[in-house]
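Please read them with the coordinates open.

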Amino acid sequence: MDKELNELLSLRRQKLTTWREREIDPFGSAFDGSQPCGEIKADFKEGQTVRVAGRLTSIRLMGKSVFAHLQDISGKIQVFAKKDDLGDTYTAWKKLDIGDFIGGEGETFLTKTGEPTVRLTSMRLLSKSLHPL
């Protein structure tokens with residue numbers, strides 16, 4: 001068990017180094033103007049442009065797209081990102097871990113299953129989590 005935890009911590013520290021090599025501060029970034037996740041979901045209307053920030057609680061990579069959940073004190077909301085929408089920023093998803101804090105901007109839509117979602121057009125790391133949740 002300790003060996004697995006040490007490997008996980010080592011991997012997260014390697015990702016931290018990668019962020020620093022890209023000249024991105026992995027800690028303490030502010031993200032002004034974001035709306036609470038629970039508020040976006042409660043007052044959901046398709047086609048609204050919103051700014052959202054929170055802790056990653058799930059990440060599902062699917063080739064050139066990704067679904068993830070962000071959670072803050074008010075609740076949880078799904079976000080969706082496509083390589084075509086984010087460009088070079090899309091590669092950041094492979095350097096993110098569950099527990100990291102991110103912020104992004106995008107337009108709201110309903111998925112085929114009816115889940116309120118934010119389609120990100122921009123995103124950035126706000127704070128790197130070095131320990132698993």
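**Notes on the predicted model**

1. The β4-β5 hairpin. Strands β4 and β5 form a hairpin with five residues between them. Within that turn, G114 has a positive phi of about 90°. The model is a predicted one, and that applies to every point below. Ten bridges join β4 to β5, and the two strands run antiparallel. One of the pairs sets F109 against T117, its bridge partner in β5.

2. The barrel as a whole. Five strands make a closed barrel in the order β1-β2-β3-β5-β4, and the pairing is mixed. Neighbouring strands of this sheet are turned by 55° against each other on average, direction ignored.

3. The β1 pairings. On one side, β1 pairs with β4 (residues 101-110) in the antiparallel sense over seven bridges. Here G54 stands opposite I102 in β4. β1 is also joined to β2 by seven bridges, again with the strands antiparallel. For R60, the bridge partner in β2 is F67.

4. The β2-β3 pairing. β2 and β3 are antiparallel and share eight bridges. A hairpin of two residues connects them. Q71 has K76 as its bridge partner in β3.

5. The β3-β5 pairing. Which way do β3 and β5 run, parallel or antiparallel? They run parallel, joined by three bridges. Q78 has T117 of β5 as its bridge partner. T117 is also the β5 partner of F109, as noted under point 1.

6. In soluble globular proteins, nonpolar side chains tend to be buried together. In this model the largest nonpolar core has 22 residues, and those touching the most other members are V79, W93, L96, L120 and M123. At least two core residues come from each of α2 (37-42), β1 (49-62), β2 (65-72), β3 (75-82) and β5 (116-127). The largest share, four residues, is supplied by β5.

7. M123 and its surroundings. Apart from neighbours within four places in sequence, M123 is in contact with L86, T89, A92, W93, L96, I102, G103 and G104. W93 and L96 in that list are, like M123, among the core residues with the most contacts to other members. I102 is the residue that G54 stands opposite in β4.

8. L86. This residue lies in helix α3 (residues 83-86). Its relative accessible area is 8%, so L86 is buried. Beyond four places in sequence, L86 touches A81, W93, L120, T121, S122 and M123. By contrast, D2 is 84 residues from L86 in sequence and 37 Å away in space, C-alpha to C-alpha.

9. Helix α1. The helix covers residues 2-21, 20 residues in total, and spans 28 Å from its first C-alpha to its last, close to the 28 Å expected at 1.5 Å a residue. Its buried residues are L9, R12, K15, L16 and W19. Viewed down the axis of α1, the buried residues fall within an arc of 115°, so they line one face of the helix. These buried residues pack against β5. On the other side of α1, K3 and E21 are exposed. After the helix comes E23, whose phi is positive, near 60°.

10. K15. Leaving out residues up to four places away in sequence, K15 touches K94, K95, L96, D97 and K128. L96 in that list is also a contact of M123.

11. D72. The contacts of D72, neighbours within four places aside, are Q35, P36, C37, G38 and A53. R124 is 52 residues away from D72 along the chain, and the C-alpha atoms of the two are separated by 16 Å.

How values were computed: Residues numbered from 1 in each chain as written. Predicted model: local features only at pLDDT ≥ 70, side-chain atom pairs only at ≥ 80, totals over all residues. Heavy atoms only, no water. Core = buried A, V, L, I, M, F, W, Y, C linked by side-chain atoms within 4.5 Å. Buried < 20%, exposed > 50% of the residue type's maximum accessible area, 1.4 Å probe, protein only. Contact = heavy atoms within 4.5 Å. Expected span 1.5 Å × (residues − 1). Arc of directions from axis to C-beta. Pairing = 2+ DSSP bridges. Axes fitted to C-alpha atoms, helices over the stretch in contact; angles between N-to-C directions.
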